[in-house]
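Here's a quick walk through a model with its ligands.

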Amino acid sequence: MFLLSQKPSIADHYIAELRDVNIQKDRLRFRRNMERIGELLAYELSKTLTYRTEQTETPLGQATSRQLLQPVVLATILRAGLPLHEGFLNMFDKADNAFIGAYRGHHINDEDEFEVEMDYITSPDLTGKILILIDPMLATGRSLEKVYHALLRFGIPAQTHIAAVIASPEGVAFLQKRIPQCRLWLGSVDTRLNEQYYIVPGIGDAGDLAFGEK
Ligand SMILES: O=P(O)(O)OC[C@H]1O[C@H](OP(=O)(O)OP(=O)(O)O)[C@H](O)[C@@H]1O
Ligand SMILES: O=c1cc[nH]c(=O)[nH]1
Ligand SMILES: [Mg+2]
């Protein structure tokens, strides 16, 4: 597991702004901070990938350079994942993209219990590729687990990475148990989940903060 907040850095400013109830009123800034964290996580993740060397022609000669060995697919859970996706795409600009419509739907009988509803999924072939699954909030982990398994119908990736900005200890433990083959890239692991399965202290509802209440 990689944890961005483990070492002090400028990323701490971005995460602090995401949490701040006053700064949250500025949706543009909220989305941009998500995007900036996406760029940082993507850069850290890129250091672990495999590269091949090739020759690049410059105006003055030949330079040895590195190119990613395997294609990258960025798969993002709507809505809240969109700004984080943009950050990853800024770094992995040649990536293909997958999108999944998933949200926490409520049961009629029990207000606090929820089921992950998934009503849209589109993806390129994933066979042998580097799959990066993107969602800023890892609360119970049920959305990410469900989406990961749904994506496998598009092929078996060579590697799968999961990127989230704010995680709960419960969600991390759930994913490590259920899909241990996926490597986690996280901004912060917070204290706990509350009764509504929201992350505490967390940031609130990431989708609403980025795009408005639904
Ligand atoms: O780990 P989990 O317990 O599954 O919860 C996390 C999910 O909840 C949020 O989506 P939400 O249902 O709020 O949809 P939205 O992006 O449309 O706001 C978030 O973006 C995750 O997808
Ligand atoms: O804390 C949480 C949990 C799920 N989804 C969010 O947006 N925030
Ligand atoms: Mg939401």
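Helices and strands here are DSSP runs, at least four residues of H or I for a helix and at least two of E for a strand, numbered from the N terminus. Counted that way, the chain has 6 helices and 12 strands. Its radius of gyration is 18 Å, close to the 17 Å that the globule rule gives for 214 residues, so the chain is as compact as a globular protein of that length. Keep in mind that this is a predicted model.

Along the principal axes, the C-alpha atoms take up a box of roughly 65 × 40 × 30 Å. Buried residues account for 35% of the 214 residues. As for contacts between residues at least 6 apart in sequence, 63% of them link residues at least 24 apart.

**The hairpin**

Strand 2 (residues 51–58) and strand 3 run antiparallel and are joined by 8 bridges. The hairpin between strand 2 and strand 3 gets by with 2 residues, and Tyr51 sits opposite Leu68 of strand 3. How many of the 8 residues in strand 3 are buried? The count is 0, so to speak a strand that is hardly covered, over residues 61–68.

**Helix 4**

On helix 4, the buried residues are Ser143, Leu144, Val147, Tyr148 and Leu151. These cover an arc of only 125° around the axis, which puts them on the same side of helix 4.

**Around the ligands**

Which residues come nearest to ligand 1? Out of the 21 around it, they are Ala80, Ala139, Thr140, Ser143 and Gly207. Strand 5 (96–106), strand 8 (137–138), helix 4 (142–151) and helix 6 (206–211) are the elements that each give two or more residues to this shell. Strand 5 gives the most, with 3 residues.

Ligand 2 has Ala80, Met137, Ala139, Tyr198, Ile199, Gly202, Asp205, Ala206 and Gly207 around it.

| Shell | Nonpolar | Polar | Charged |
|---|---|---|---|
| Ligand 2 | 6 residues | 2 residues | 1 residue |

Methods: Residues numbered from 1 in each chain as written. Chains lettered and ligands numbered in written order. Predicted model: local features only at pLDDT ≥ 70, side-chain atom pairs only at ≥ 80, totals over all residues. Near = placed C-beta within 6 Å. Buried ≥ 20, exposed ≤ 12 C-beta atoms within 10 Å, placed from the backbone. Pairing = 2+ DSSP bridges. Rg over C-alpha atoms; globule rule 2.2 N^0.38 Å. Contact = placed C-beta atoms within 7 Å. Nonpolar A, V, L, I, M, F, W, Y, C, P; charged D, E, K, R; others polar. Arc of directions from axis to C-beta.
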